[in-house]
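Below is a short note for a colleague who has not looked at this structure before. Please read it with the model open.

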Amino acid sequence: MFSLIKELYLDGVREIAFQNKKVFVFQKAPFIRVFDISEYDLISEKALKGMTGPSLINDSYLVARDESAKTICVYKIDSLEQLGEKPVDRISFRCITSENDLLVYDAQSKKTSRLNLADFEAAWSAKIERTGRSNYFYREKLYTTQFLNDQKLFCIDWHTGRVDWEFFVNDHFDQKLKIDKIVGVFDRYLIISLRYYQEGKVILVDLESGGVVSVLLSRPAPIFFDAKKGLLFNIGYDKYWEFNLRNKEIKNINLWEKYDERYEFSGIHSSFNQDYIFAFSSLRKGGDIMERSYSVIERKSLDILWKHVCTEYPNDGVMRTTANPVYYQNRLYFLWEDRLRVYERL
């Protein structure tokens with residue numbers, strides 16, 4: 001079970017992040033608040049230049065894009081002291097690494113670069129057009145999708161920027177399918193989920209050559225991966241399913257037989273620690289929906305450990321949180337409207 005231990009009233013929260021035993025709360029641009037993670041006392045609050053656009057964070061740095069001034073600003077994570085800024089025009093950044101490097105794409109030169117945050121010097125620049133939203137690092141290689149199109153996958157040597165191979169969805173599958181997510185690595189293969197509305201496939205792509213090895217499943221995204229056990233899993237409507245990558249067996253569990261009441265799940269919202277699922281659910285009696293809620297489900301037992309029942313929801317019946325729920329150090333952080341609620345696992 002989960003017990004509410006703290007509720008913070010915060011306006012316009014966009015996202016939260018955790019670093020160095022602190023909670024970073026990104027609010028309406030350009031404001032950020034930092035709380036101690038033990039008692040949630042406010043440590044600092046600051047309006048940061050550059051917070052009008054996307055932001056990235058790691059153990060050492062906070063990086064932000066100022067959309068109006070067209071600059072990238074870098075701050076020390078401990079003090080929020082500004083270290084520098086770089087004028088940019090049509091540059092957008094993709095990810096920040098533990099090595100304090102920034103992957104950026106320049107729409108004007110149509111080049112992708114690896115920048116060091118200490119001096120903004122480029123370790124390499126490569127003619128890789130429109131690197132995208134799905135980035136995955138594995139053994140000195142960067143696997144990244146093509147931005148906007150998301151039908152092309154690149155394998156890039158992280159040290160040199162050399163493109164080792166490209167994978168194009170249209171060469172193998174229906175042209176409507178796009179890369180939804182690089183799910184992970186199993187054995188010598190990348191697990192890729194493809195999606196077009198309610199259609200979907202899960203495929204294996206060879207790490208060395210970029211060739212399609214096999215189609216594992218014809219299931220819509222999102223797909224979640226338990227790397228330790230080699231399992232793909234998800235919840236859909238009235239069933240929980242798992243696919244074993246080792247023996248290719250699939251297990252379906254009817255949740256209407258599992259629970260005394262008839263819950264309908266609209267899919268997993270997120271999975272944390274591979275042990276818990278955070279999903280949307282509706283409780284139906286007869287033909288009427290009696291309750292809509294966000295639920296935390298234990299994967300092993302499929303028991304519902306916690307629910308947030310929504311007393312009000314939009315006319316279209318689609319429930320929304322302000323940002324994704326986050327599970328960190330045995331606590332669940334849940335944003336609902338103007339409140340950040342912290343629940344502890346008992």
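The numbered points that follow go from the overall make-up to single residues.

1. Overall make-up. The model is a predicted one. The protein has 32 strands and one helix. Of its 346 residues, 49% are buried. Among contacts with a separation of 6 or more, 37% are between residues 24 or more positions apart.

2. The largest nonpolar core. Which residues have the most contacts inside the largest nonpolar core? They are Y143, L153, W165, L190, I192 and L194, in a core of 17 residues. Five strands, β16, β17, β18, β19 and β20, each supply at least two residues of this core.

3. I192 within the core. I192 belongs to the group with the most contacts inside the largest core. With neighbours within four places in sequence set aside, I192 contacts L153, I179, K181, I182, K201, V202, I203 and V205. The reader can display these residues together to see the surroundings of I192.

4. A four-stranded sheet. Strands β18, β19, β20 and β21 form an open sheet in the order β18-β19-β20-β21, and the pairing is antiparallel. At the edges are β18 and β21 (212–217), each of which pairs on one side only. On average, neighbouring strands of this sheet are turned by 25° against each other, direction ignored. The antiparallel pairing of β20 with β21 runs over four bridges. On the β21 side, S214 is the bridge partner of L204. As a general point, side chains in a regular strand alternate between the two faces of the sheet.

5. D206. This residue is part of strand β20. Is D206 buried or exposed? D206 counts as buried because its relative accessibility is 14%, and the limit for buried is under 20%. Beyond residues up to four places away in sequence, D206 touches W165, R188, Y189, G211 and V213. A polar atom of the D206 side chain also lies 2.8 Å from the backbone nitrogen of E208.

6. The salt bridge of R188 and D206. One of the residues that D206 touches, R188, also meets D206 in a salt bridge, with 3.7 Å from N to O. The pair links distant parts of the chain: R188 is in the loop between β18 (178–186) and β19 (189–196), and D206 is in strand β20 (residues 199–206), 18 residues apart. R188 is partly exposed, at 46% relative accessibility, whereas D206 is buried, at 14%.

7. Other salt bridges. How many salt bridges does a search of the whole structure find? The search finds 17. One of them joins E166 and K152, whose closest N and O atoms are 3.7 Å apart. This pair also links distant parts of the chain, with E166 in strand β17 (residues 163–168) and K152 in strand β16 (residues 152–157), 14 residues apart. E166 is partly exposed, because its relative accessibility is 47%.

8. D164 and R162 form a salt bridge in which the closest N and O atoms are 2.7 Å apart. D164 counts as partly exposed at 30% relative accessibility, and R162 is partly exposed as well, with a relative accessible area of 45%. Through salt bridges that share partners, K141, D157, R162 and D164 are joined into one network.

9. Strand β11 (residues 101–106) is mostly covered, with five of its six residues buried. It pairs with strand β12 (residues 111–116) in the antiparallel sense, over six bridges. V104 has S113 in β12 as its bridge partner. Four residues lie between the two strands of this hairpin, and K110 takes a positive phi near 60°.

Definitions and conventions: Residues are numbered from 1 along each chain as its sequence is written. This is a predicted model: local features need pLDDT of at least 70, side-chain atom pairs count only at pLDDT 80 or more; totals for chains, interfaces and linings use all residues. Side-chain values use heavy atoms; hydrogens and water are left out. A salt bridge is a side-chain nitrogen of Lys or Arg within 4 Å of a carboxyl oxygen of Asp or Glu. Buried means under 20% relative accessible area, exposed over 50%, partly exposed in between (1.4 Å probe, protein chains only). A nonpolar core is a set of buried Ala, Val, Leu, Ile, Met, Phe, Trp, Tyr and Cys residues joined through side-chain atoms within 4.5 Å. Contact means heavy atoms within 4.5 Å. Two strands pair if DSSP finds at least two bridges between them. Axes are lines fitted to C-alpha atoms, for helices over the stretch in contact, and angles run from 0 to 180 degrees between N-to-C directions. A polar contact is a pair of N or O atoms within 3.5 Å; within protein, one must be able to donate a hydrogen and the other to accept it, and residues adjacent in sequence count only if both atoms are side-chain atoms.
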